[in-house]
Amino acid sequence: MTTNLTVKLQPGTAAPEFTLPKADGSPVSLADYRGRNVIVYFYPQAATPGCTTEACDFRDNLASLQGSGYEVLGVSPDGMEALAGFSGDFDLTFPLLADEDHAVALAYGAWGEKLVDGEITEGIVRSTVVVDPDGNVVLAQYQVKAQGHVAALRQDLGV
């Protein structure tokens, strides 16, 4: 295990800036969303059952979230090819970003130890951070469950 586990983000603090590639290789930066609310969610691995459930929930709620002023970005340590397949297989209509060295997950407090099949491993901790139009953290949720997370998030945001 490495010891570079991170501190969780707190509401009112500046969200760490980032630029990551989408599945097609084009860059996406948090700065691209300045002036808008953005939901940045971190998930462990494309096309796994929990991650598929969560991504499809975001997809199914995207119009409502966008209608309430929220954009959605999904971030995982997957490569661009895996993201392209995942996005295409499930008609995901929001950007999925490749954080292959997990530097952004570290900066957002979404990387750490977790229990998987009875073993402690290090990896993405399923997390969601909501960033306001000025680039500040409004909400930071860690160790969320895939099932029902989007509905709970919508309730927390009043959407």
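**A sheet and its helices**

Hi everyone, let's start at one spot: glycine 74 stands opposite leucine 96 in β5. This is a predicted model, where local features need pLDDT of at least 70, side-chain atom pairs count only at pLDDT 80 or more, and totals for chains, interfaces and linings use all residues. Residues are numbered from 1 along each chain as its sequence is written, and side-chain values use heavy atoms, leaving out hydrogens and water.

A quick word on names: helices (H or I, at least four residues) and strands (E, at least two) are DSSP runs, numbered from the N terminus.

Strand β4, residues 70–76, pairs with β5 in the parallel sense over three bridges; pairing requires that DSSP finds at least two bridges between two strands.

Now, what is the order of the open sheet of five strands? It goes β5-β4-β3-β8-β9, with mixed pairing. β5 (96–98) and β9 (137–142) are at the edges with a single partner strand each, so one side of each has no neighbour in the sheet. From one strand to the next, the twist averages 20 degrees.

On to the helices. Angles run from 0 to 180 degrees between N-to-C directions, and axes are lines fitted to C-alpha atoms, for helices over the stretch in contact. Contact means heavy atoms within 4.5 Å. Helix α2 (residues 80–89) packs on the sheet, touching β4 and β5, and its direction makes about 165 degrees with that of β5. Helix α4 lies across β3, β4, β8 and β9, at about 150 degrees to β9.

Finally, α1 (residues 49–67) and α4 (residues 149–157) pack at about 35 degrees, their axes 9 Å apart.
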